[in-house]
Amino acid sequence: MNEIQYQVDLMSAMNEKLKSDQKMMEMIIDTSTSAFLYIDMSTHEVRMLGRWEDYFDFQVRKYNDLQMITYSFGEDYREDFRNCATLERRGEERNVVTVQTADRRKWVECEVNVVYGPDKRPIDKVIRFKDVTLLRDQHEELKYMAFNDSMTGLYNRNYFIRCMSDYLSKAEKENREVAVMFVDIDDFKSINDGMGLAIGDEIVMSFGHYLSDFSTDNCIVSHFNGDKYCLGIYDPCGPHSVDRIYRTIRERTRQPFVTSDGREIFIRVTAGVAMYPDASSSVLELINYAEIVSNRAKEDGKDSIQYFDSEVLTEFLYNINIENKLRTAVHDMDFQMYYQPQFEASTGNLRGMEALIRWKDPDEGMISPSLFIPLAEKNGTIVHIGQWVIEDTISTYMKWKKTYDRAFILSINISAIQYKREDFVEGLIGVIEKYGMDPGELELEITETALIDNYRDICSKLSALRDYGIRISMDDFGTGYSSLSYLKSLPIDTLKIDKTFVDTVLMDDNTNIIMESIMSMVQRLGLETVAEGVETEEQLEYLKGIRCDNIQGYLLGRPQTVEDIEALLRK
Ligand code: C2E
Ligand code: CA
Ligand code: CA
């Protein structure tokens, strides 16, 4: 009897406990934002718990109804869910998968747990559905921001590098090539300056949008920054060859891009290409090289495509080396001025001297100004160098003038960067006054290309210098954009006819005709002429014949050191 009482008490105690456990369970389930599905694996009985109606608009009664759940998810996710939900087939205890609903409104994390009996047979299965849309959106947003450029929606540099690494490892296995094509809009600065940043941004976006058309599994299109884009092309051949792609892009740029306010804007693009494995097997190096060649293509004339080769690399490394040395040379002012005499064609008298800079490096020897002046212009050290040139040449000239009692014209080459400086005019006049030079004895040489960027500003400075009495000379005439009519509007005194003209004039009738029309125009405008690079007697005779005023060139005198010039002046 006691025994029975004991059993009854025990059962009711257990019942109480079960009740309170169940209450606790229900509470947990009710306050949760998840939905649960409990499945008794032996009877295949199914129970829905929690916020079922937040997830599904149908009820699940039988085990087979699980199909309905599968179909409430997007097509791409059904297989994953099915696999996850049948984990007991693989003897697993827990599995999680995140899926999107068929209407794409929600992301649902499905967690499945199975409890096994001592005989390893599954007893219970619980599937929990949890809404992770918000989290997922945040994650996607982060991923998007980390991989996409917010302006164009194209992949950014980081993502490009990642994809390229994948391409390269694949290419290594499959023995294929990969091209990195750096694309850059020409003269983008003038679009920004001329039409405003908003239009510039629109162009960056529209062009980026256009480029995205090229994107496929084998072509990644990315936007690095500003007007710079980069394409990665796996196994470039046939219609996906780099040349084809570039030609297509180039053709597109023959049509305008239309801005939101209806303006039609034409752009030109330059591309630089580096190929795996020829150029390099490092992604960063490939990108770097592609950019280098695109910059070089710009120097050689824009609107074109150029490929990386070992010559470019050698030149690039050499330039980097020179640029580094240049900084030290500027610090120590390791430069020296040479002077090349100019003679009057008719009398043979000394007309003047052109000051030409020289840099002697202990390792490299003499480095040509044609090489280091552009580098100095690029890194800004030209301002320093130019100031030194002005002071050094003027002080040398004044010393000569006193010592030898000879006056002539001192010609100095001035770079566009120097003219652009706010204090250029004042600074120069300051030096002239410091040494008491007659401004009429100083001639500044400027190239046509220097005028292009900042025509108005530079012209007004040239006028101010001319008003002060300094002579202005147009250097390298005939190599640039020169139209004869625009010469009229320039504040210049002298025209230097470029060596290429002098070289071809005797061989080519057309050059001959052009030269003669230049001379007659120039004489009408009252400009003085200096022919450069005169190397032969025939050239000299010809130039005399067309009444060119002055002659400069190896025939009559090479650029020489101060000592050599002093010997000449003593004569
Ligand atoms: P540039 O102003 O056109 O100078 C004339 C160049 O032609 C000089 O080269 C000169 O040595 C060379 N030359 C003169 N006569 C002959 C000839 O008969 N035959 C040949 N083959 N060449 C001749 P250089 O001295 O190497 O200077 C190259 C360029 O570097 C100059 O071209 C000029 O643009 C720039 N440069 C030189 N010195 C300075 C400077 O002090 N400041 C700036 N900003 N640029 C400079
Ligand atoms: Ca010159
Ligand atoms: Ca010249």
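# A tour from the calcium pair outward

In sequence, the donor residues of the calcium ion (ligand 3) are spaced D-D-x55-E. Donors here are N, O and S atoms within 2.8 Å of the metal (3.2 Å for Na, K and Ca); water is not among the atoms, so sites may look incomplete.

Before selecting anything, note that this is a predicted model: local features need pLDDT of at least 70, side-chain atom pairs count only at pLDDT 80 or more, and totals for chains, interfaces and linings use all residues. Residues are numbered from 1 along each chain as its sequence is written, chains are lettered from A and ligands numbered from 1 in the order in which they are written, and side-chain values use heavy atoms, with hydrogens and water left out.

**Stop 1: ligand 3**

Select the calcium ion (ligand 3). Its protein donors are Asp475 (OD), Asp476 (OD), Glu532 (OE) and Glu532 (OE), lying 2.2 to 2.5 Å from it. Aspartate 475 is buried, with a relative accessible area of 7%. Aspartate 476 is partly exposed, at 25%. Buried means under 20% relative accessible area, exposed over 50%, partly exposed in between (1.4 Å probe, protein chains only).

**Stop 2: ligand 2**

Which residue coordinates both calcium ions? Aspartate 475 does, and the ions are 3.9 Å apart. Now select the calcium ion (ligand 2). Its protein donors are Glu354 (OE), Asn413 (OD1), Glu445 (OE) and Asp475 (OD), at 2.1 to 2.3 Å. Their spacing in sequence is E-x58-N-x31-E-x29-D. Glutamate 354 lies in strand S14 (residues 350–361) and glutamate 445 in strand S17 (residues 442–447), so the pair ties together parts that are 91 residues apart in sequence. Helices (H or I, at least four residues) and strands (E, at least two) are DSSP runs, numbered from the N terminus. Glutamate 354 is buried, with a relative accessible area of 3%. Glutamate 445 is buried too, at 1%.

**Stop 3: ligand 1**

Select ligand 1 and its shell. It is surrounded by 21 residues, and the closest are Gln340, Arg358, Asp475, Glu535 and Tyr554. A residue counts as near if one of its heavy atoms lies within 4 Å. By class, the shell has eight nonpolar, six polar and seven charged residues. Ala, Val, Leu, Ile, Met, Phe, Trp, Tyr, Cys and Pro count as nonpolar, Asp, Glu, Lys and Arg as charged, and the others, Gly among them, as polar.

- A nitrogen atom of ligand 1 is 2.5 Å from an N or O atom in the side chain of glutamate 535.
- An oxygen atom of ligand 1 is 3.0 Å from a polar side-chain atom of aspartate 475.
- For glutamate 354, an N or O atom of the side chain sits 3.2 Å from an oxygen atom of ligand 1.

Taken alone, ligand 1 exposes 790 Å², and the protein buries 81% of that. Accessible areas come from the Shrake-Rupley method with a 1.4 Å probe. S14, helix H12 (369–379) and strand S18 (471–477) each give two or more residues to the shell. S14 gives the most, with four residues.

**Stop 4: strand S20**

Select strand S20 (residues 528–531). Glu528 and Val530 point one way, Thr529 and Ala531 the other, and all are buried. In a regular strand the side chains alternate between the two faces of the sheet. Strand S19 (residues 494–497) runs parallel to S20, joined by four bridges. There, threonine 494 stands opposite glutamate 528. Strand S21 (residues 550–551) is also parallel to S20, with two bridges. Its isoleucine 551 stands opposite alanine 531. Two strands pair if DSSP finds at least two bridges between them.

**Stop 5: aspartate 186**

Go to the loop between strand S6 (178–185) and H7, where aspartate 186 lies. Is aspartate 186 buried or exposed? Aspartate 186 is buried, with a relative accessible area of 6%. A polar contact (a pair of N or O atoms within 3.5 Å; within protein, one must be able to donate a hydrogen and the other to accept it, and residues adjacent in sequence count only if both atoms are side-chain atoms) of 2.6 Å joins its side chain to that of threonine 270. The backbone nitrogen of aspartate 303 lies 2.8 Å from a polar atom of the aspartate 186 side chain.

**Stop 6: strand S1**

Finish at strand S1 (residues 35–40). Five of its six residues are buried, so S1 is largely enclosed by the rest of the structure. Six bridges join S1 to the antiparallel strand S5 (residues 122–131).
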